[in-house]
Structures are given as structure tokens and as C-alpha cells.
Amino acid sequence: MNTMLRKSVLGIAGLAFTGGVFAGPIAAHAAEPVHSTKPVAVSVQGAQSKIDLNDEQLANAKAIIAATKKAGLPERAAVISIATSLQESKLENLGHLGDANDHDSLGLFQQRPSSGWGTPEQITDPEYSTLAFLKGLKQVDGWQDMPLTEAAQTVQVSAYPDAYAQWEQQAADIVAHHWNS
């Protein structure tokens, strides 16, 4: 009986040790902060484009950042939003462009009233249009970790799904420069 008790105690101690060896790193990893403090571009894809921004475009980029913060989303969401707006409108709050317009697309994200994005007045309001875009983005499972162009395309459903990728670096630079200002 003494030998059996000893083996049981040693067996339990061995299991506890083994559990600690494997669970220790997991527990230590779980205690690490999950949020990044930098809007690091996630695998920038392909050749990058860049445009010089005028005061209106910069103000629109800042409005997108402010709306992203208001929505409680991280910098990565602002990067995706700004890259999307760079592709859709070059960060210009576009009204109806007549025959040059894509259907009834308006605003920074070229959202369409006929597709349920809101009224023309709402869509041309930078905060409203950004929050509408972000609402769509939040519905995309895993958007935080997917390539920017895939996340943007899932929300926008563009005829040019790979076009968003070219703006990722400029969007990341804008967010890095203005997130804390």
C-alpha cells in the first residue's frame, strides 16, 4: 500500500509538472497584450501608388481617422478605410458626376443610395460614410488579419477587387502620422 500511494503521488506530481510545462507558455502568451500600437501594413501587396494630398483630401483622411476612433476600432481599420477611399475617390468627397459617375455613387467611398448606404446627404458626410463603411468591415470575419484589398473588396464589391492594395502604404503612412494628433 505504501508503494501504491507513492506511485500515485509521483504520478499526480508528474501530471502537474507536465501540465505546467505545456500550459505555462500558453498562459504567458495569453497575458500578452493583443492590440498593436502601430498601424503596420499587413503584407503590402504589389506596386504601390501615392498621390500628393491637398488640404481637403487631408481633412477627409483626418475625418476617417476620427470616425474610426469614434467607432472604437484600431488603426488597421483606418488604414483599410483610407486606402479604400484613396481608390474610390482619391479622398475627395464626390457629389454626382453626371455621365462620368458610376451609377449613383457618391462621397469618399463611392457608396450608392440605391444600394442602401444612406441618403445622398448622409453618404457625402465624411463621418457618416466612414461609419457606414466600418459597419460593413466589422461584419467581415477576420478582416483584421486578411489582406487589405480582400477586406475592402468584401465591403465594397468593386469591379476592380485588387485595386485597393496599391494604396496600403500611403494609407498606413497617413494613419501613422495623424492617429495621435
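This is a predicted model: local features need pLDDT of at least 70, side-chain atom pairs count only at pLDDT 80 or more; totals for chains, interfaces and linings use all residues.
View 1. Helices (H or I, at least four residues) are DSSP runs, numbered from the N terminus. H7 spans residues 168-178, and its buried residues include Gln170, Ala171 and Ile174. Buried means under 20% relative accessible area, exposed means over 50%, and partly exposed is in between (1.4 Å probe, protein chains only). Gln170 counts as buried because its relative accessibility is 6%. Contact means heavy atoms within 4.5 Å. Leaving aside neighbours within four places in sequence, Gln170 is in contact with Ser49, Lys50, Ile51, Leu53 and Leu86. The cover over the buried residues of H7 includes helix H2 (55-70), helix H3 (75-89) and helix H6 (148-156).

View 2. Why is H6 largely enclosed by the rest of the structure? Seven of its nine residues are buried, so the rest of the structure largely encloses H6. Leu148, Ala151 and Val155 are among these buried residues. The buried residues of H6 pack against H3, H5 and H7.

View 3. A salt bridge is a side-chain nitrogen of Lys or Arg within 4 Å of a carboxyl oxygen of Asp or Glu. How many turn up in a search of the whole structure? The search finds two. In one of them, the side chains of Lys70 and Glu127 meet at 2.6 Å, N to O. Lys70 belongs to helix H2 and Glu127 to helix H5, so this pair ties together parts that are 57 residues apart in sequence. Lys70 is exposed, at 57% relative accessible area, whereas Glu127 is partly exposed, at 35%.

**View 4. The salt bridge between Arg76 and Glu168.** Here the side chains of Arg76 and Glu168 meet at 2.8 Å, N to O. Arg76 is in helix H3 and Glu168 in helix H7, so the pair ties together parts that are 92 residues apart in sequence. Are these two residues buried or exposed? Both Arg76 and Glu168 are buried.

Notes: Residues are numbered from 1 along each chain as its sequence is written. Side-chain values use heavy atoms; hydrogens and water are left out. Helices (H or I, at least four residues) and strands (E, at least two) are DSSP runs, numbered from the N terminus.
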